[in-house]
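Dear colleague,

I am handing over the structure we spoke about, and below it I have set out what was found in it. Please keep the model open beside this message as you read.

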Amino acid sequence: MDVFKITASDTYLTRLPEFVAREMGYFKDVDLEVQSHCPAPWNKVLADIESGEYQAAADGIWLPSLYKHRAGDYYAFAKGASHFPMTVVARQAMPEFTWKDLEGRIVLIPGSNEAGTRMYTLGCARDVGADVGAIKYVPNFYSPMLYECFAGGWGDFIVLRTDLARTMQAEGKGHIVFDFAADGGSVPWLVYYATKRFLDASAELAGRFTPPCPGATPGCKTMAATTAAPSWKNTGPTCPGNLPWNWWISTDAPACGRERWRSANPNWRAGRASCGRPIWWTLPSPTATS
């Protein structure tokens, strides 16, 4: 069995198809053992794949786009998420929320370890005509820190991960007014990318990794519909963060229903920002393994 090692910036829900595929034995079906880790700091993922010890990095589409022909050529060959897994939370319920409501307001946007959240949030606001220059956004802090500050009275809006936003709403400290996964459009939010050197030499190996992840999507939906099933309640160390599977699935069940992992047009604004430079690698059809 071949080993396929992934270095990732996070273990968040956007990688759920990968986790499900591993748990349900889909990788073993193609004679592959998938291993992963999250380095600290996260940008060591680049050193990991450059060293050859790891075959792929799991991260946002923005990094290959930014680096292309500038600091290094990395190619996305698989996509794990088609939607931005965040929400906008306000202090009051706002059934008629529009992006112009952010103008002149303090908006807390986490981004201590990535730029994508700020880029996509402000891009959505700009796309519908909001004056981004009038939004007083606060970046560069961890989500838990901004969560505590918002709960303590700082800011008018906050952009939060789905799980944190639901917790805040349940605690009566905020109201979800916009769900990017539902209404923010398609975006290849999480991609698996590698060096050209690896893909030139081992495209068949990458090709075997790719089909099980889309294949895990039906598994995600099945699990979302049966979150009370005892077999999924605890799976030990294979469950990210040692959290029970039913927590992961129930937290992201609505996104499963909205087909977070379906195919999406890769020409997202971060891709367009790369001035048309290709960042996608076409893999050969996987071959059967014995």
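Tyrosine 193 in E10 is the bridge partner of alanine 57. Please keep in mind from the start that this is a predicted model, and that every value below was computed from it.

Which way do the residues of strand E3 (residues 56–59) point? Ala56 and Ala58 point one way from the strand, whereas Ala57 and Asp59 point the other way, and all of them are buried.

The open sheet

If you now step back from E3, you will find an open sheet formed by 5 strands in the order E2-E1-E3-E10-E4, with mixed pairing. Its edge strands are strand E2 (32–37) and strand E4 (74–81), each of which pairs on one side only. From one strand to the next, the twist averages 30 degrees. Between E1 and E2, which run parallel, there are 6 bridges, and within this pairing leucine 32 in E2 is the bridge partner of aspartate 2.

When its neighbours within four places in sequence are left aside, lysine 5 is in contact with Gln35, Glu53, Tyr54, Gln55 and Ala56.

Strand E8 and its partners

Elsewhere in the chain, 4 of the 5 residues of strand E8 are buried, so this strand is largely enclosed by the rest of the structure. E5 and E8 run antiparallel and are joined by 5 bridges, and in this pairing valine 89 stands opposite isoleucine 158 in E8. E6 and E8, on the other hand, run parallel and are joined by 2 bridges, with isoleucine 158 in E8 as the bridge partner of leucine 108.

Alanine 90 has its place in strand E5. Is alanine 90 buried or exposed? With a relative accessible area of 1%, alanine 90 is buried, since a residue counts as buried when that value is under 20%. Its contacts, leaving aside neighbours within four places in sequence, are with Phe150, Asp156, Phe157, Gly174, His175 and Val177. Alanine 90 and valine 159 are 69 residues apart in sequence, yet their C-alpha atoms are 9.0 Å apart in space.

Helix H6

Which residues of helix H6 (residues 143–151) are buried? They are Ser143, Leu146, Tyr147 and Phe150. Seen down the axis of H6, these buried residues fall within an arc of 110 degrees, so they line one face of the helix. The face of H6 turned away from the buried side carries the exposed residues Pro144 and Glu148.

The cover over the buried residues of H6 includes strand E5 (86–90), strand E6 (106–108), strand E7 (136–138), strand E8 (157–161) and helix H7 (162–170). After H6 comes glycine 153, whose phi is positive, near 115 degrees.

The chain as a whole

Finally, the secondary structure of the protein chain comes to 12 helices and 10 strands, and 50% of its 290 residues count as buried. Among contacts between residues at least 6 apart in sequence, 81% join residues at least 24 apart. The accessible surface of the chain comes to about 12,900 Å², and 52% of it belongs to carbon and sulfur atoms.

With kind regards

Definitions and conventions:
Residues are numbered from 1 along each chain as its sequence is written. This is a predicted model: local features need pLDDT of at least 70, side-chain atom pairs count only at pLDDT 80 or more; totals for chains, interfaces and linings use all residues. Side-chain values use heavy atoms; hydrogens and water are left out. Buried means under 20% relative accessible area, exposed over 50%, partly exposed in between (1.4 Å probe, protein chains only). The arc is that of the directions from the helix axis to the C-beta atoms. Contact means heavy atoms within 4.5 Å. Accessible areas come from the Shrake-Rupley method with a 1.4 Å probe; for residues, only the protein chains shown count as cover. Two strands pair if DSSP finds at least two bridges between them. Axes are lines fitted to C-alpha atoms, for helices over the stretch in contact, and angles run from 0 to 180 degrees between N-to-C directions.
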